[in-house]
Amino acid sequence: MCKVAHILVLFVLTSPATRALDNGLALKPTMGWLHWERFMCNTDCDNDPDNCISERLFMQMADVMVKEGWKEAGYEYICIDDCWPSTHRDAQGRLQADPKRFPGGIKKLADYVHSKGLKLGIYADVGKYTCAGYPGSLGYYETDAQTFADWDVDLLKFDGCYMDWTLLGEGYINMSKALNKTGRSILYSCEWPLYEWPHRQPNYTAIRETCNHWRNFNDVYDSWSSLKSILDWTASHQDVIAPSAGPGGWNDPDMLVIGNFGLSHDQQESQMALWTIMAAPLLMSNDLRNICPRSKELLQNQHIIDISQDPLGKQGYLSAKVFSFEVWERPLSKNRLAIAVLNKQEIGSPRGFAIRAVPGWKICNPQCNVTQILPQYKEMGVQTPQSKMMVSINPSGTALLTVTPISSDFKMQKLHWQDMSISRKHSTIL
Ligand SMILES: *[C@@H]1O[C@H](CO)[C@@H](O)[C@H](O)[C@H]1NC(C)=O
Ligand SMILES: *[C@@H]1O[C@H](CO)[C@@H](O)[C@H](O)[C@H]1NC(C)=O
Ligand SMILES: *[C@@H]1O[C@H](CO)[C@@H](O)[C@H](O)[C@H]1NC(C)=O
Ligand SMILES: *[C@@H]1O[C@H](CO)[C@@H](O)[C@H](O)[C@H]1NC(C)=O
(Lines give C-alpha, C1' and ligand atoms only; values in the text may rest on other atoms or scores of the structure.)
(Ligands and ions follow the chains in the order given, each with its own letter.)
Protein backbone atom coordinates (compact mmCIF):
# COMPACT_ATOMS: atom_id res chain seq x y z
CA MET A 1 0.00 0.00 0.00
CA CYS A 2 1.24 3.45 -0.66
CA LYS A 3 0.16 6.61 1.06
CA VAL A 4 -1.10 9.34 -1.19
CA ALA A 5 0.37 12.78 -1.09
CA HIS A 6 -0.82 15.63 -3.20
CA ILE A 7 1.96 17.78 -4.52
CA LEU A 8 1.09 20.86 -6.47
CA VAL A 9 3.65 21.07 -9.21
CA LEU A 10 5.11 24.51 -9.64
CA PHE A 11 5.70 26.02 -13.01
CA VAL A 12 7.93 28.99 -13.41
CA LEU A 13 6.06 31.90 -14.87
CA THR A 14 7.08 35.41 -15.57
CA SER A 15 4.94 37.89 -13.69
CA PRO A 16 2.54 39.78 -15.89
CA ALA A 17 3.63 43.38 -16.19
CA THR A 18 0.46 44.84 -14.80
CA ARG A 19 0.41 48.46 -13.79
CA ALA A 20 -0.67 49.44 -10.30
CA LEU A 21 -2.84 52.44 -9.44
CA ASP A 22 -0.41 55.34 -9.70
CA ASN A 23 -1.02 57.21 -6.45
CA GLY A 24 2.26 56.34 -4.74
CA LEU A 25 0.49 54.43 -1.95
CA ALA A 26 0.38 50.85 -0.64
CA LEU A 27 3.85 50.02 -1.93
CA LYS A 28 3.81 47.49 0.90
CA PRO A 29 0.71 45.80 2.36
CA THR A 30 -1.26 48.36 4.38
CA MET A 31 -1.05 48.03 8.17
CA GLY A 32 -3.60 49.41 10.59
CA TRP A 33 -6.87 48.92 12.39
CA LEU A 34 -10.45 48.78 11.07
CA HIS A 35 -13.54 48.83 13.26
CA TRP A 36 -15.91 46.44 11.46
CA GLU A 37 -15.43 42.86 12.68
CA ARG A 38 -15.17 43.82 16.36
CA PHE A 39 -17.51 46.81 16.65
CA MET A 40 -19.80 46.35 13.63
CA CYS A 41 -22.76 48.77 13.47
CA ASN A 42 -23.10 49.52 17.16
CA THR A 43 -24.68 52.98 17.23
CA ASP A 44 -26.07 52.75 20.77
CA CYS A 45 -23.90 55.29 22.55
CA ASP A 46 -26.50 55.76 25.32
CA ASN A 47 -26.21 52.19 26.57
CA ASP A 48 -22.77 51.21 25.28
CA PRO A 49 -20.66 54.37 25.15
CA ASP A 50 -17.35 52.47 25.16
CA ASN A 51 -18.09 50.32 22.13
CA CYS A 52 -20.39 52.37 19.92
CA ILE A 53 -19.17 53.83 16.60
CA SER A 54 -18.21 57.32 17.72
CA GLU A 55 -15.29 59.71 17.51
CA ARG A 56 -14.40 58.68 21.07
CA LEU A 57 -13.74 55.09 19.96
CA PHE A 58 -11.31 56.17 17.22
CA MET A 59 -9.56 58.70 19.45
CA GLN A 60 -9.07 56.10 22.17
CA MET A 61 -7.80 53.59 19.63
CA ALA A 62 -5.37 56.19 18.25
CA ASP A 63 -4.09 56.90 21.76
CA VAL A 64 -3.50 53.22 22.44
CA MET A 65 -1.86 52.68 19.05
CA VAL A 66 0.81 55.19 20.00
CA LYS A 67 1.17 54.26 23.68
CA GLU A 68 1.25 50.49 23.34
CA GLY A 69 3.79 50.09 20.55
CA TRP A 70 1.39 49.49 17.64
CA LYS A 71 2.51 52.50 15.69
CA GLU A 72 6.13 51.63 16.27
CA ALA A 73 5.46 48.08 15.05
CA GLY A 74 4.16 49.52 11.75
CA TYR A 75 0.38 49.83 12.21
CA GLU A 76 -0.45 53.21 10.73
CA TYR A 77 -4.03 53.55 9.47
CA ILE A 78 -6.95 53.83 11.86
CA CYS A 79 -10.03 53.12 9.80
CA ILE A 80 -13.73 53.86 10.18
CA ASP A 81 -16.09 51.33 8.57
CA ASP A 82 -19.86 51.54 7.96
CA CYS A 83 -22.38 53.38 10.19
CA TRP A 84 -20.44 56.63 10.71
CA PRO A 85 -22.65 58.98 8.64
CA SER A 86 -25.87 60.76 9.27
CA THR A 87 -28.82 59.16 7.45
CA HIS A 88 -29.11 62.32 5.32
CA ARG A 89 -26.75 64.37 3.19
CA ASP A 90 -26.45 68.08 4.04
CA ALA A 91 -28.09 70.92 2.08
CA GLN A 92 -25.16 70.90 -0.41
CA GLY A 93 -25.54 67.16 -1.00
CA ARG A 94 -22.46 66.27 1.03
CA LEU A 95 -22.11 63.31 3.38
CA GLN A 96 -21.97 64.35 7.02
CA ALA A 97 -21.02 62.44 10.14
CA ASP A 98 -23.73 61.48 12.62
CA PRO A 99 -23.86 64.66 14.75
CA LYS A 100 -24.48 62.90 18.03
CA ARG A 101 -21.73 60.30 17.71
CA PHE A 102 -19.17 62.52 15.92
CA PRO A 103 -19.86 65.95 17.41
CA GLY A 104 -16.46 67.26 16.30
CA GLY A 105 -16.86 66.02 12.73
CA ILE A 106 -14.45 63.97 10.64
CA LYS A 107 -12.01 66.80 9.90
CA LYS A 108 -11.32 67.28 13.60
CA LEU A 109 -10.95 63.54 14.08
CA ALA A 110 -8.47 63.43 11.17
CA ASP A 111 -6.50 66.29 12.78
CA TYR A 112 -6.41 64.35 16.05
CA VAL A 113 -5.27 61.14 14.36
CA HIS A 114 -2.62 63.05 12.38
CA SER A 115 -1.38 64.72 15.57
CA LYS A 116 -0.51 61.20 16.78
CA GLY A 117 1.44 60.50 13.60
CA LEU A 118 -1.25 58.12 12.31
CA LYS A 119 -3.57 58.18 9.29
CA LEU A 120 -7.37 58.11 9.10
CA GLY A 121 -9.50 55.86 6.90
CA ILE A 122 -13.18 56.26 6.10
CA TYR A 123 -15.90 54.13 4.46
CA ALA A 124 -18.44 54.68 1.69
CA ASP A 125 -20.24 52.61 -0.94
CA VAL A 126 -20.20 52.56 -4.75
CA GLY A 127 -23.97 51.99 -4.85
CA LYS A 128 -27.16 53.69 -3.70
CA TYR A 129 -26.77 52.79 -0.01
CA THR A 130 -24.03 51.43 2.21
CA CYS A 131 -24.44 47.81 3.31
CA ALA A 132 -25.99 49.02 6.59
CA GLY A 133 -28.38 51.36 4.73
CA TYR A 134 -26.65 54.75 5.07
CA PRO A 135 -26.41 57.05 2.02
CA GLY A 136 -24.34 55.55 -0.81
CA SER A 137 -22.11 57.45 -3.21
CA LEU A 138 -23.79 56.55 -6.52
CA GLY A 139 -24.25 59.82 -8.38
CA TYR A 140 -22.02 61.64 -5.84
CA TYR A 141 -18.53 60.25 -6.54
CA GLU A 142 -16.87 63.63 -7.15
CA THR A 143 -18.70 65.32 -4.29
CA ASP A 144 -17.78 62.55 -1.85
CA ALA A 145 -14.16 62.30 -2.99
CA GLN A 146 -13.81 66.06 -2.52
CA THR A 147 -15.49 65.90 0.89
CA PHE A 148 -13.03 63.20 2.05
CA ALA A 149 -10.11 65.20 0.68
CA ASP A 150 -11.39 68.38 2.41
CA TRP A 151 -11.49 66.40 5.65
CA ASP A 152 -7.87 65.26 5.12
CA VAL A 153 -8.85 61.60 5.05
CA ASP A 154 -6.05 59.18 4.03
CA LEU A 155 -7.87 55.98 3.01
CA LEU A 156 -11.26 55.11 1.56
CA LYS A 157 -12.82 51.67 1.93
CA PHE A 158 -15.43 51.58 -0.84
CA ASP A 159 -18.04 48.86 -0.42
CA GLY A 160 -20.22 47.39 -3.17
CA CYS A 161 -23.74 46.95 -1.78
CA TYR A 162 -26.85 48.23 -3.61
CA MET A 163 -25.12 48.43 -6.99
CA ASP A 164 -26.10 46.99 -10.37
CA TRP A 165 -23.23 44.50 -10.84
CA THR A 166 -22.82 45.40 -14.54
CA LEU A 167 -21.86 48.94 -13.40
CA LEU A 168 -19.40 47.88 -10.68
CA GLY A 169 -16.33 48.47 -12.83
CA GLU A 170 -17.53 51.85 -14.03
CA GLY A 171 -18.40 52.92 -10.50
CA TYR A 172 -15.10 51.85 -8.97
CA ILE A 173 -13.14 53.41 -11.83
CA ASN A 174 -15.10 56.67 -11.64
CA MET A 175 -14.43 56.95 -7.90
CA SER A 176 -10.74 56.20 -8.47
CA LYS A 177 -10.60 59.08 -10.94
CA ALA A 178 -12.55 61.34 -8.59
CA LEU A 179 -10.09 60.64 -5.78
CA ASN A 180 -7.18 61.37 -8.11
CA LYS A 181 -8.81 64.64 -9.18
CA THR A 182 -8.87 65.95 -5.60
CA GLY A 183 -5.05 66.00 -5.66
CA ARG A 184 -4.91 64.36 -2.23
CA SER A 185 -3.26 60.94 -1.96
CA ILE A 186 -6.03 58.70 -0.64
CA LEU A 187 -5.43 54.97 -0.40
CA TYR A 188 -8.29 53.25 -2.24
CA SER A 189 -9.59 49.97 -0.83
CA CYS A 190 -12.14 48.28 -3.11
CA GLU A 191 -14.59 45.40 -3.00
CA TRP A 192 -15.14 45.24 -6.75
CA PRO A 193 -14.15 41.57 -7.31
CA LEU A 194 -16.12 40.35 -4.27
CA TYR A 195 -19.32 41.65 -5.84
CA GLU A 196 -18.43 40.59 -9.38
CA TRP A 197 -17.40 36.96 -8.76
CA PRO A 198 -21.00 35.68 -8.42
CA HIS A 199 -21.58 36.83 -12.03
CA ARG A 200 -18.26 36.43 -13.83
CA GLN A 201 -14.49 36.35 -13.39
CA PRO A 202 -13.34 39.91 -12.63
CA ASN A 203 -10.66 41.64 -14.70
CA TYR A 204 -7.72 41.87 -12.30
CA THR A 205 -5.67 43.96 -14.68
CA ALA A 206 -8.34 46.65 -14.53
CA ILE A 207 -8.76 46.22 -10.77
CA ARG A 208 -5.02 46.64 -10.13
CA GLU A 209 -5.02 49.83 -12.22
CA THR A 210 -7.93 51.19 -10.18
CA CYS A 211 -7.47 50.15 -6.55
CA ASN A 212 -4.73 49.77 -3.91
CA HIS A 213 -6.34 46.66 -2.47
CA TRP A 214 -9.42 44.68 -3.19
CA ARG A 215 -11.62 42.24 -1.30
CA ASN A 216 -12.33 39.02 -3.21
CA PHE A 217 -14.37 36.91 -0.82
CA ASN A 218 -16.76 36.93 2.14
CA ASP A 219 -16.37 39.01 5.31
CA VAL A 220 -14.14 37.43 7.93
CA TYR A 221 -15.82 36.25 11.12
CA ASP A 222 -14.29 35.59 14.52
CA SER A 223 -14.02 31.86 13.90
CA TRP A 224 -11.61 29.22 12.64
CA SER A 225 -14.16 27.99 10.09
CA SER A 226 -14.29 31.49 8.60
CA LEU A 227 -10.49 31.63 8.29
CA LYS A 228 -10.41 28.20 6.67
CA SER A 229 -13.05 29.21 4.12
CA ILE A 230 -10.96 32.27 3.20
CA LEU A 231 -7.79 30.19 2.85
CA ASP A 232 -9.59 27.56 0.77
CA TRP A 233 -11.08 30.19 -1.52
CA THR A 234 -7.70 31.88 -1.93
CA ALA A 235 -5.91 28.59 -2.69
CA SER A 236 -8.50 27.55 -5.25
CA HIS A 237 -8.28 30.92 -7.05
CA GLN A 238 -4.56 31.61 -6.64
CA ASP A 239 -3.75 31.18 -10.31
CA VAL A 240 -6.10 34.05 -11.08
CA ILE A 241 -5.54 36.39 -8.13
CA ALA A 242 -1.97 35.98 -6.84
CA PRO A 243 -0.19 37.37 -9.94
CA SER A 244 -2.12 40.65 -9.61
CA ALA A 245 -0.56 41.40 -6.21
CA GLY A 246 2.52 43.57 -5.95
CA PRO A 247 3.72 46.98 -4.82
CA GLY A 248 0.76 49.39 -5.13
CA GLY A 249 -2.01 46.78 -5.14
CA TRP A 250 -2.90 43.73 -3.02
CA ASN A 251 -5.50 41.01 -2.63
CA ASP A 252 -7.37 41.62 0.61
CA PRO A 253 -8.58 38.51 2.49
CA ASP A 254 -10.15 40.83 5.12
CA MET A 255 -9.29 41.77 8.70
CA LEU A 256 -7.08 40.11 11.30
CA VAL A 257 -9.38 38.95 14.10
CA ILE A 258 -6.51 38.09 16.45
CA GLY A 259 -7.18 39.17 20.05
CA ASN A 260 -10.93 38.59 20.00
CA PHE A 261 -12.99 35.60 21.17
CA GLY A 262 -13.22 32.89 18.54
CA LEU A 263 -9.69 31.63 17.86
CA SER A 264 -7.33 29.52 19.94
CA HIS A 265 -3.80 30.86 20.19
CA ASP A 266 -2.60 28.35 17.60
CA GLN A 267 -5.32 29.54 15.22
CA GLN A 268 -4.31 33.16 15.84
CA GLU A 269 -0.76 32.21 14.88
CA SER A 270 -2.14 30.54 11.77
CA GLN A 271 -3.97 33.70 10.73
CA MET A 272 -0.92 35.88 11.32
CA ALA A 273 1.37 33.50 9.40
CA LEU A 274 -0.92 32.91 6.44
CA TRP A 275 -2.09 36.52 6.03
CA THR A 276 1.61 37.37 5.91
CA ILE A 277 2.29 34.68 3.30
CA MET A 278 -0.64 36.06 1.24
CA ALA A 279 0.93 39.57 1.33
CA ALA A 280 -2.40 40.69 2.76
CA PRO A 281 -3.13 44.10 4.23
CA LEU A 282 -2.75 43.70 8.01
CA LEU A 283 -5.83 45.51 9.27
CA MET A 284 -6.65 44.38 12.79
CA SER A 285 -10.21 44.45 14.09
CA ASN A 286 -10.03 44.00 17.84
CA ASP A 287 -10.12 46.07 21.00
CA LEU A 288 -6.60 47.39 21.45
CA ARG A 289 -7.67 48.87 24.81
CA ASN A 290 -8.12 45.36 26.13
CA ILE A 291 -6.12 42.66 24.39
CA CYS A 292 -4.32 39.67 25.86
CA PRO A 293 -0.52 39.99 25.96
CA ARG A 294 0.10 36.90 23.79
CA SER A 295 -2.13 38.21 21.00
CA LYS A 296 -0.41 41.58 21.23
CA GLU A 297 3.02 40.01 21.06
CA LEU A 298 1.96 37.99 18.01
CA LEU A 299 0.53 41.01 16.18
CA GLN A 300 3.65 43.03 16.95
CA ASN A 301 6.14 40.22 16.09
CA GLN A 302 8.77 42.04 14.05
CA HIS A 303 10.04 38.90 12.32
CA ILE A 304 6.56 38.28 10.91
CA ILE A 305 6.00 41.93 10.00
CA ASP A 306 9.32 41.91 8.13
CA ILE A 307 8.00 39.09 5.94
CA SER A 308 4.70 40.92 5.41
CA GLN A 309 6.50 44.07 4.34
CA ASP A 310 9.17 42.36 2.23
CA PRO A 311 10.23 44.70 -0.59
CA LEU A 312 9.86 42.10 -3.36
CA GLY A 313 6.11 42.38 -2.80
CA LYS A 314 5.12 38.94 -4.10
CA GLN A 315 2.07 37.14 -2.84
CA GLY A 316 2.63 33.56 -1.66
CA TYR A 317 0.65 30.51 -2.65
CA LEU A 318 -0.36 27.03 -1.55
CA SER A 319 2.35 24.76 -2.91
CA ALA A 320 1.57 21.33 -1.47
CA LYS A 321 -0.88 19.31 0.55
CA VAL A 322 0.85 16.44 2.31
CA PHE A 323 -0.68 14.19 5.01
CA SER A 324 -3.17 16.86 6.13
CA PHE A 325 -0.51 19.54 6.18
CA GLU A 326 -0.81 22.54 3.89
CA VAL A 327 2.46 24.08 2.73
CA TRP A 328 2.34 27.74 1.71
CA GLU A 329 5.36 29.57 0.31
CA ARG A 330 6.17 33.21 -0.36
CA PRO A 331 9.26 34.28 -2.35
CA LEU A 332 11.13 37.07 -0.56
CA SER A 333 13.79 39.53 -1.57
CA LYS A 334 17.44 38.35 -1.71
CA ASN A 335 16.26 34.94 -2.98
CA ARG A 336 14.90 34.02 0.42
CA LEU A 337 11.73 32.06 0.95
CA ALA A 338 9.08 32.17 3.68
CA ILE A 339 7.34 28.88 4.40
CA ALA A 340 4.17 28.31 6.41
CA VAL A 341 3.13 24.77 7.25
CA LEU A 342 -0.43 24.50 8.56
CA ASN A 343 -1.48 21.35 10.43
CA LYS A 344 -5.02 20.68 9.22
CA GLN A 345 -5.46 17.47 11.16
CA GLU A 346 -7.71 18.86 13.85
CA ILE A 347 -7.42 15.97 16.22
CA GLY A 348 -4.66 14.51 18.33
CA SER A 349 -1.28 15.87 19.32
CA PRO A 350 1.40 18.02 17.70
CA ARG A 351 2.70 16.36 14.53
CA GLY A 352 6.17 16.54 13.03
CA PHE A 353 6.75 17.74 9.50
CA ALA A 354 9.99 17.07 7.62
CA ILE A 355 11.00 20.41 6.19
CA ARG A 356 12.78 18.92 3.17
CA ALA A 357 9.28 17.90 1.91
CA VAL A 358 8.56 21.55 1.03
CA PRO A 359 8.64 22.01 -2.78
CA GLY A 360 10.73 25.19 -2.45
CA TRP A 361 13.33 23.38 -0.38
CA LYS A 362 15.29 23.01 -3.62
CA ILE A 363 16.74 26.48 -2.96
CA CYS A 364 18.61 24.86 -0.08
CA ASN A 365 21.37 23.72 -2.40
CA PRO A 366 24.12 23.27 -1.52
CA GLN A 367 23.19 24.88 1.80
CA CYS A 368 20.74 27.25 3.46
CA ASN A 369 20.18 28.99 6.76
CA VAL A 370 16.80 28.32 8.38
CA THR A 371 15.05 30.43 10.99
CA GLN A 372 11.84 29.30 12.62
CA ILE A 373 9.60 32.23 13.59
CA LEU A 374 6.43 30.45 14.74
CA PRO A 375 5.48 28.75 16.98
CA GLN A 376 8.76 29.85 18.68
CA TYR A 377 11.68 31.83 17.38
CA LYS A 378 14.54 29.39 16.83
CA GLU A 379 17.63 29.63 14.67
CA MET A 380 17.88 26.21 13.05
CA GLY A 381 21.22 27.02 11.48
CA VAL A 382 22.77 25.74 8.29
CA GLN A 383 20.89 22.93 6.53
CA THR A 384 21.46 20.90 3.38
CA PRO A 385 19.12 19.32 0.80
CA GLN A 386 19.15 16.12 2.87
CA SER A 387 18.25 17.96 6.09
CA LYS A 388 16.52 15.82 8.71
CA MET A 389 15.04 18.92 10.32
CA MET A 390 11.49 18.48 11.65
CA VAL A 391 9.07 21.11 12.87
CA SER A 392 6.39 20.23 15.40
CA ILE A 393 2.96 21.76 14.71
CA ASN A 394 -0.13 21.70 16.90
CA PRO A 395 -3.55 20.87 15.40
CA SER A 396 -4.81 23.98 13.53
CA GLY A 397 -1.47 25.65 14.24
CA THR A 398 1.19 26.82 11.79
CA ALA A 399 4.96 26.78 11.68
CA LEU A 400 6.47 29.82 9.95
CA LEU A 401 10.07 29.73 8.73
CA THR A 402 12.46 31.61 6.52
CA VAL A 403 15.04 29.94 4.32
CA THR A 404 18.10 31.84 3.12
CA PRO A 405 20.15 30.08 0.45
CA ILE A 406 23.86 29.97 0.96
CA SER A 407 25.26 29.44 -2.47
CA SER A 408 28.44 29.49 -4.41
CA ASP A 409 26.38 30.16 -7.54
CA PHE A 410 24.22 33.10 -6.48
CA LYS A 411 23.26 33.94 -10.04
CA MET A 412 21.66 30.64 -10.85
CA GLN A 413 19.37 30.74 -7.83
CA LYS A 414 18.39 34.26 -8.65
CA LEU A 415 17.33 33.10 -12.08
CA HIS A 416 15.29 30.37 -10.52
CA TRP A 417 13.47 32.39 -7.88
CA GLN A 418 13.05 35.82 -9.30
CA ASP A 419 10.19 34.92 -11.56
CA MET A 420 8.85 32.20 -9.37
CA SER A 421 5.14 32.61 -9.48
CA ILE A 422 2.28 30.36 -8.60
CA SER A 423 1.31 26.79 -9.14
CA ARG A 424 -0.31 26.17 -12.47
CA LYS A 425 -1.34 22.61 -12.25
CA HIS A 426 -2.22 20.12 -9.60
CA SER A 427 -0.91 16.64 -9.91
CA THR A 428 -0.82 13.63 -7.68
CA ILE A 429 2.44 11.83 -7.18
CA LEU A 430 3.65 8.96 -5.01
C1 LIG B 1 -3.23 61.04 -10.37
O2 LIG B 1 -2.88 60.23 -11.48
C3 LIG B 1 -1.67 60.62 -12.12
C4 LIG B 1 -1.49 59.81 -13.41
O5 LIG B 1 -1.77 58.46 -13.18
C6 LIG B 1 -0.53 60.47 -11.15
O7 LIG B 1 0.69 60.84 -11.73
C8 LIG B 1 -0.82 61.32 -9.94
O9 LIG B 1 0.21 61.15 -8.96
C10 LIG B 1 -2.15 60.98 -9.32
N11 LIG B 1 -2.46 61.88 -8.21
C12 LIG B 1 -2.95 61.47 -7.05
C13 LIG B 1 -3.22 62.52 -6.06
O14 LIG B 1 -3.17 60.30 -6.82
C1 LIG C 1 -18.86 56.90 -14.93
O2 LIG C 1 -18.45 58.06 -15.62
C3 LIG C 1 -18.91 58.10 -16.96
C4 LIG C 1 -18.26 59.31 -17.62
O5 LIG C 1 -18.55 60.45 -16.88
C6 LIG C 1 -20.44 58.16 -16.97
O7 LIG C 1 -20.91 58.17 -18.30
C8 LIG C 1 -20.98 56.93 -16.25
O9 LIG C 1 -22.38 57.01 -16.13
C10 LIG C 1 -20.37 56.82 -14.87
N11 LIG C 1 -20.80 55.57 -14.27
C12 LIG C 1 -21.18 55.46 -13.00
C13 LIG C 1 -21.63 54.11 -12.52
O14 LIG C 1 -21.17 56.38 -12.24
C1 LIG D 1 -9.09 44.04 -18.70
O2 LIG D 1 -8.77 45.37 -18.41
C3 LIG D 1 -7.65 45.86 -19.14
C4 LIG D 1 -7.23 47.19 -18.57
O5 LIG D 1 -8.31 48.02 -18.36
C6 LIG D 1 -8.00 45.91 -20.61
O7 LIG D 1 -6.92 46.39 -21.36
C8 LIG D 1 -8.36 44.50 -21.06
O9 LIG D 1 -8.80 44.52 -22.39
C10 LIG D 1 -9.44 43.90 -20.18
N11 LIG D 1 -9.58 42.49 -20.51
C12 LIG D 1 -10.74 41.95 -20.78
C13 LIG D 1 -10.74 40.48 -21.07
O14 LIG D 1 -11.78 42.58 -20.79
C1 LIG E 1 21.46 32.35 10.12
O2 LIG E 1 20.43 33.29 10.42
C3 LIG E 1 20.51 33.82 11.73
C4 LIG E 1 19.27 34.66 11.96
O5 LIG E 1 19.18 35.69 11.02
C6 LIG E 1 21.80 34.58 11.89
O7 LIG E 1 21.88 35.07 13.21
C8 LIG E 1 22.95 33.66 11.62
O9 LIG E 1 24.16 34.38 11.67
C10 LIG E 1 22.83 33.02 10.24
N11 LIG E 1 23.86 32.04 10.05
C12 LIG E 1 24.54 31.95 8.88
C13 LIG E 1 25.56 30.89 8.82
O14 LIG E 1 24.33 32.69 7.93
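Two residues are in contact if their C-beta atoms, placed from the backbone, lie within 7 Å. By this criterion, Val341 touches Phe325, Val327, Phe353, Val391, Ile393, Thr398 and Ala399, leaving aside residues up to four places away in sequence. The model is predicted, and local features need pLDDT of at least 70, side-chain atom pairs count only at pLDDT 80 or more, and totals for chains, interfaces and linings use all residues. Residues are numbered from 1 along each chain as its sequence is written, while chains are lettered from A and ligands numbered from 1 in the order in which they are written.

Val341 also belongs to the largest nonpolar core, a set of 118 residues in which Trp33, Ile78, Val153, Leu156 and Val341 touch the most other members. Such a core consists of buried Ala, Val, Leu, Ile, Met, Phe, Trp, Tyr and Cys residues joined through C-beta atoms within 7 Å. A residue is buried if 20 or more other C-beta atoms lie within 10 Å of its own, exposed if 12 or fewer, and partly exposed in between. Strand S12 (residues 337–343) gives the largest share of this core, six residues; helices (H or I, at least four residues) and strands (E, at least two) are DSSP runs, numbered from the N terminus. At least three core residues come from each of domain 1 (5–14 + 315–429) and domain 2 (31–308), with bounds taken from an automatic or database domain assignment.

The C-alpha centres of domain 1 and domain 2 lie 31 Å apart. Contacts link 23 residues of domain 1 with 21 residues of domain 2. On the domain 1 side, at least two residues each are supplied by strand S10 (317–322), strand S11 (325–331), S12, strand S14 (367–374) and strand S17 (398–406). This side divides into 13 nonpolar, eight polar and two charged residues. Here Ala, Val, Leu, Ile, Met, Phe, Trp, Tyr, Cys and Pro count as nonpolar, Asp, Glu, Lys and Arg as charged, and the others, Gly among them, as polar.

Some loops have particular backbone geometry. A cis peptide bond joins Asn365 and Pro366, with omega about 5 degrees, and Pro366 lies in the loop between strand S13 (351–354) and S14. Another cis peptide bond, between Leu374 and Pro375, has omega about 0 degrees; Pro375 lies in the loop between S14 and strand S15 (378–383). Phe323, in the loop between S10 and S11, has a positive phi near 50 degrees. Phe323 counts as partly exposed because 14 C-beta neighbours lie inside 10 Å.
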